[in-house]
Amino acid sequence: MAFQPTPTDISVMITTPAANTTDRPQFITERRVTPTWTVTQLKGKLETMTGIPPGCQRLRLKTPGHPDQWLDQDDSSVGNYGLTKGSEIEVHDSRPQGARPNFTDLSSVEKYTLPESTYETLPNSVLAWKKNQKLGRFDPNASSPEELMQAQAQKDAEDVQQRNITTSQRAIILPSSPPHIRRGTIQFVGPAPTIPFPGVEADAQLQSSARPIWVGIELDEPTGKNDGSVGGERYFTCPPKTGVFVKPEKVQVGDFPPLSLDDELDELEEI
């Protein structure tokens with residue numbers, strides 16, 4: 001009996017056609033193909049790569065320097081079509097568009113959420129690394145959220161005093177540079193419990209002096225975020241999208257009159 005050498009696998013590109021002829025293929029990868037495989041065998045192996053059932057596949061062979069060929073003889077060996085290194089097999093889906101599953105649409109897929117109790121037991125998580133390094137809330141010398149809030153409240157009070165921030169004054173929000181300057185009138189200065197502070201419950205029973213200070217400003221233009229209320233609590237009243245709450249360090253009090261129509265036209269002429 002004569003020795004029959006094992007056929008050498010050939011590396012080819014496997015692609016699926018794009019929706020438009022000018023676009024790149026939707027799927028592209030490299031696959032080693034044995035020339036003695038039948039077209040039916042090849043289709044079975046391509047199903048796991050493209051998601052197209054073998055009965056719905058139509059294969060198109062593209063070989064440089066040769067006309068394209070359709071591999072329509074299921075019982076024929078793929079090597080009979082002149083398969084060579086550098087060839088491309090384009091997998092066409094014969095199913096109607098509506099019958100094809102959309103693997104890119106994740107809206108119907110239930111998102112998995114790792115339970116917090118399970119995450120805390122993982123030895124190779126970021127949380128475990130923080131515990132080992134004693135960082136953040138695991139630092140025995142770190143300040144508690146309440147202490148951090150108290151320090152912020154003290155800093156805010158100093159900024160309010162140094163910047164002479166009081167209600168009814170005109171102010172701009174920093175950073176500001178022409179022509180993007182947000183200016184308005186200060187309508188509120190004080191604690192805003194409905195604005196959350198990291199690590200502290202919103203309904204925590206704390207003295208007002210222990211809460212950070214916020215400055216509520218009614219802007220001249222609708223470039224804000226609210227109408228003077230946050231988290232269901234109203235601190236002042238203004239038209240929608242003209243209210244904003246900022247930290248005292250972001251406020252500069254001064255003679256900033258509302259922009260007139262002439263001022264707006266001058267800015268437009270400078271652009």
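Visitor: Helices (H or I, at least four residues) and strands (E, at least two) are DSSP runs here, numbered from the N terminus. Which strand gives the largest share of the lining of the largest pocket?

Guide: This is a predicted model, in which local features need pLDDT of at least 70 and side-chain atom pairs pLDDT 80 or more, while totals for chains, interfaces and linings use all residues. Residues are numbered from 1 along each chain as its sequence is written, and side-chain values use heavy atoms, without hydrogens or water. The strand is β5, with three residues in the lining.

Visitor: What counts as a pocket?

Guide: On a 1 Å grid over the protein atoms alone, a pocket is an open set of points where a 1.4 Å probe fits, with protein on both sides within 12 Å along at least five of seven lines; lining residues have an atom within 4 Å of a point.

Visitor: Which residues are closest to the centre of the largest pocket?

Guide: T16, Q26, D93, R100 and P101, out of 18 lining residues. Helix α1 (39-50) and β5 (88-93) each supply at least two of the lining residues.

Visitor: Salt bridges next. How many?

Guide: The count is 12, taking a side-chain nitrogen of Lys or Arg within 4 Å of a carboxyl oxygen of Asp or Glu. One of them joins K43 and D74, at 3.3 Å from N to O. K43 is in helix α1 and D74 in the loop between β4 (69-70) and β5, so the pair ties together parts 31 residues apart in sequence.

Visitor: Is K43 buried or exposed?

Guide: Buried, at 8% relative accessible area, whereas D74 is partly exposed at 34%. Buried means under 20%, exposed over 50% and partly exposed in between, with a 1.4 Å probe and protein chains only.

Visitor: What about D159 and K155, how far apart are they in helix α4?

Guide: Four residues, which means about one helical turn within α4 (residues 145-162). D159 is buried at 12%, and K155 is partly exposed at 35%.

Visitor: Changing topic: which way do the β6 side chains point?

Guide: In β6 (residues 170-173), R170 and I172 point one way and A171 and I173 the other, and all are buried.

Visitor: And what does I172 stand opposite in β7?

Guide: R183. β6 and β7 (residues 183-191) run antiparallel, joined by three bridges; strands pair if DSSP finds at least two bridges between them. β6 also pairs in the antiparallel sense with β12 (residues 251-253), again over three bridges, and there the bridge partner of I172 is Q252.
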